[in-house]
Amino acid sequence: MDQRPPLSRRNLLIGAAAAFGVPAVLTGCGSGAPAPGGSTTGNTAAGAVTLGSNASDEVPKKSLETVLKGFTSGQVKVNTVDHNTFQENINRYLRGTPDDVFTWFAGYRMQFFAEQGLATDISDVWREIGADYTPAFKAASTGTDGKQYFVPFTYYPWAVFYRKSVWEEKGYEPPKTLDELTALSRRMKADGLVPIAFADKDGWPAMGTFDIINMRTNGYDFHIALMAGKESWTDPRVKQVFETWRGLLEHHQPAALGRTWQEAAQSLAEKKTGMYLLGMFVAQQFPEADRDDLDFFTFPEINPAYGTDSIDAPIDGYMVSAKARNVDGAKALIKHFAQAAAQNVATEADPGTLAASSKADTSGYSALQKRGAELVSQASHIAQFLDRDTRPDFASTVMIPSLQSFIDKPAEIDSLLVSIEKQKANIFR
Amino acid sequence: MAVKTRRYSARDVTVLVIGLGVAVIASVGLVWGPTLASVVLSATDWNGFGPIEWVGGRNYGDLAGEYPPFWSAVRNNVLWLGFLGLVATPFGLFCAVLLDRRLRLSRFYQSALYLPVVLSLAVVGFIAQLVYSTDYGVLNAVTGLSVDWLGDRSVNIWVVMVAAAWRHVGYVMIIYLAGLKAVDPALKEAAAIDGANEAQTFFRVVFPTLRPVNVIVLVITVIEALRAFDIVYAINKGRNGLELLSVLVTENIVGEASRIGFGSAIAVVLLVISLGFIVTYLSQLFREER
């Protein structure tokens with residue numbers, strides 16, 4: 001059997017970072033030395049620009065290198081930091097000596113730092129590139145003050161993935177409603193499959209399940225208000241989300257808290273499980289030859305008032321730091337990132353992502369990418385994923401332990417919600 | 001008598017000032033300064049920048065009353081200490097005593113037991129995952145069980161402590177082995193002549209002479225228990241039943257969260273627990289010397 005060990009490269013990197021001391025990695029974060037002045041070659045209209053990147057994994061790193069080759073009006077010095085380390089140290093990074101341009105996420109996570117004056121207003125860039133993006137993308141790039149701080153580059157939708165061959169063989173149809181999903185799960189169980197693959201050892205994958213059930217039950221606006229701390233977690237509407245989830249949990253793969261998403265994805269690849277709600281990056285765990293066998297459907301309707309109008313589709317992109325030394329060069333670089341051609345290079349190198357620009361050429365997309373683009377274009381609301389739609393401290397120190405405790409003891413919803421609400425009040429004050 | 005009343009020469013004073021001064025500056029700057037800063041910060045609501053807001057004891061109230069991971073971390077730290085102190089350390093001593101009897105292949109056993117000590121606990125954490133993983137782990141594959149060793153809150157802390165003990169046993173063993181080698185064989189002979197059996201010889205004669213080693217091992221065990229971090233962090237970032245105070249401090253302060261005030265309050269709790277042990281140990285030590 002060709003089983004891969006459950007250790008991912010990223011886990012090893014986290015381990016390495018922990019073992020060798022995060023501070024050492026941190027020092028590599030800022031562009032310590034001043035940008036070299038006259039030593040640049042070629043066409044240097046924009047001068048030297050530094051770029052802080054979290055693309056530490058092989059595929060994204062290579063993809064970024066290829067994209068930067070197309071940037072001819074200046075020199076780019078890339079500082080790559082391990083993905084998780086970059087994220088965890090973003091505060092100190094932006095307050096220390098950040099690079100001119102840095103990779104970051106759209107939505108609340110961007111607004112959080114823009115509000116603190118750590119990002120440069122790039123509304124002038126948006127006047128040029130605005131026509132290339134849909135209003136949903138522009139909204140996700142706009143700070144609370146109405147100015148733009150972010151350039152969307154690529155994104156990936158969350159959906160329920162399955163293997164076409166398995167479904168055709170057994171005659172399964174994508175469910176349209178919650179009842180159909182439950183009925184399908186029962187059938188799969190009878191057929192000897194674990195219906196819904198599930199893993200939450202890392203803490204974040206269950207957030208995707210919460211997001212989608214909440215948006216299906218209570219709509220996008222309620223979800224976003226809840227994330228922003230404006231609604232109470234003890235609200236009966238939130239309780240309803242957990243009740244629905246509890247009903248589905250019996251169809252989920254058991255022992256989820258000891259499993260990584262990679263292992264759950266492999267169970268789907270090995271045809272042991274029937275479907276898996278995850279981001280499009282699930283494809284990474286499929287052997288090249290099996291990728292065409294991968295398909296998905298959007299999570300079924302729960303409340304007819306909202307249908308399937310919202311999905312999670314986190315957007316990755318670039319921002320200009322407030323302390324940027326070469327602002328003009330930085331703006332030239334993000335304009336380059338906004339170009340459809342540049343994004344196409346990236347989506348070709350990393351088939352788990354889609355181009356954010358609406359001008360991007362989708363003819364080179366794989367079948368899965370085409371379906372992903374179609375799914376997103378049908379959604380009227382795009383959420384960024386729980387840990388990007390709320391305060392980072394709330395997501396990591398409250399929501400991760402709380403969702404894990406729900407998975408462990410699904411019956412104790414009331415006390416859990418009271419506990420979340422209390423902790424929320426402590427953080428959002 | 002002139003010697004006694006003579007004052008320190010200028011050179012002596014310089015040496016004293018430099019010698020003591022460096023030590024004092026290093027100690028205040030690297031130990032007491034940060035410690036006091038943590039205590040002060042624990043009474044604030046600070047996110048690492050911006051204005052510092054005083055909140056008094058509110059962080060401690062939130063911690064004890066409204067932060068579920070806190071009490072499971074306290075419980076786990078106590079369990080960790082108990083397990084290392086009452087199971088792993090005595091077992092290490094037991095191995096040392098056996099190896100000290102020059103069994104056949106004793107060198108081999110010695111190396112086998114000592115080998116894990118050269119691994120960092122983070123690496124032990126990775127190895128533990130290969131062993132305990134539900135779907136791919138060695139343990140379930142060999143025994144045919146399907147226990148969720150690392151995800152089930154009621155078992156994961158125990159299996160992780162076993163993995164941590166795997167390393168701790170070798171460490172303790174090698175220290176005791178060195179201590180046992182230094183015990184004067186004449187003592188054992190004398191005990192044998194007086195008619196003491198094996199157990200009596202060990203508990204009444206050999207073990208008491210190991211007192212200095214015991215103190216070192218005790219200190220090491222306490223330190224290992226309180227600083228435990230890397231193994232659970234490597235396994236699941238110290239969540240879901242594997243919470244430890246050290247992890248919560250990191251999670252709140254170092255991560256993207258930046259709840260410096262709140263995290264400092266947890267650090268102060270850890271400090272108070274450590275101080276309890278340090279004060280007990282030091283007061284014992286000074287009493288002995290008097």
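What does the pLDDT of chain B average, and what share of the residues score at least 70? In this predicted model, chain B averages a pLDDT of 89, and 97% of its residues score at least 70. For the model as a whole, the scores are ipTM 0.81 and pTM 0.82. A word of care is in order for the remainder, since where pLDDT is low, the predicted coordinates should not be read in detail.

The contact between the two chains comes next. Chain A brings 49 residues to this contact and chain B brings 34 residues. Together the chains bury about 3500 Å², with 52% of that area on carbon and sulfur atoms. Between chain A and chain B there are 2 salt bridges. One pairing to look for in the structure is the salt bridge in which the side chain of B:Arg153 meets that of A:Asp408, at 3.2 Å from N to O. Polar contacts link 11 residue pairs across chain A and chain B, counted where both residues have pLDDT 80 or more.

On the side of chain A that touches chain B, at least two residues come from each of several helices, namely H1 (9-20), H4 (83-88), H5 (90-95), H6 (108-115), H13 (261-269), H18 (392-408) and H19 (413-427). Of these, H18(A) gives the most to that side, with 9 residues. Sorted by class, the side of chain A facing chain B in this contact holds 17 nonpolar, 18 polar and 14 charged residues.

Within chain A, the domain assignment separates domain 1 (9-155 + 315-376) from domain 2 (158-312 + 391-427). Taken over C-alpha atoms, the centres of these two domains of chain A lie 29 Å apart. In their contact, 13 residues of domain 1 of chain A meet 16 residues of domain 2 of chain A. The area buried between the two domains of chain A is about 1300 Å², and carbon and sulfur atoms account for 70% of it.

Which polar links join the domains of chain A? The count gives 1 salt bridge between domain 1 and domain 2 of chain A. A:Arg371 and A:Asp295 form a salt bridge, with their closest N and O atoms 2.9 Å apart. There are also 2 residue pairs in polar contact across this interface of chain A, both residues being at pLDDT 80 or more. H6 and helix H16 (367-378) of chain A each supply at least two residues of the side of domain 1 that touches domain 2. H16(A) gives the most to this side of domain 1, with 6 residues. By class, the side has 7 nonpolar, 5 polar and 1 charged residues.

Chain B is likewise given a domain 1 (2-41) and a domain 2 (58-289). The centres of these domains of chain B are 35 Å apart over C-alpha atoms, and their contact takes 4 residues from domain 1 and 6 residues from domain 2. About 370 Å² is buried between the domains of chain B, 75% of it from carbon and sulfur atoms. B:Ser38, B:Val39 and B:Leu41 supply 82% of the area that domain 1 of chain B buries against domain 2, more than any other three residues. Across this interface of chain B, the rule finds 0 salt bridges and 0 residue pairs in polar contact, with both residues required to be at pLDDT 80 or more. The side of domain 1 of chain B that touches domain 2 is made up of 2 nonpolar, 2 polar and no charged residues.

How values were computed:
Residues are numbered from 1 along each chain as its sequence is written. Chains are lettered from A and ligands numbered from 1 in the order in which they are written. Side-chain values use heavy atoms; hydrogens and water are left out. pLDDT is the predictor's confidence in each residue, from 0 to 100. Contact means heavy atoms within 4.5 Å. Buried area is the accessible area (1.4 Å probe) that two parts lose on being put together, summed over both. A salt bridge is a side-chain nitrogen of Lys or Arg within 4 Å of a carboxyl oxygen of Asp or Glu. A polar contact is a pair of N or O atoms within 3.5 Å; within protein, one must be able to donate a hydrogen and the other to accept it, and residues adjacent in sequence count only if both atoms are side-chain atoms. Helices (H or I, at least four residues) and strands (E, at least two) are DSSP runs, numbered from the N terminus. Ala, Val, Leu, Ile, Met, Phe, Trp, Tyr, Cys and Pro count as nonpolar, Asp, Glu, Lys and Arg as charged, and the others, Gly among them, as polar. Domain bounds come from an automatic or database domain assignment.
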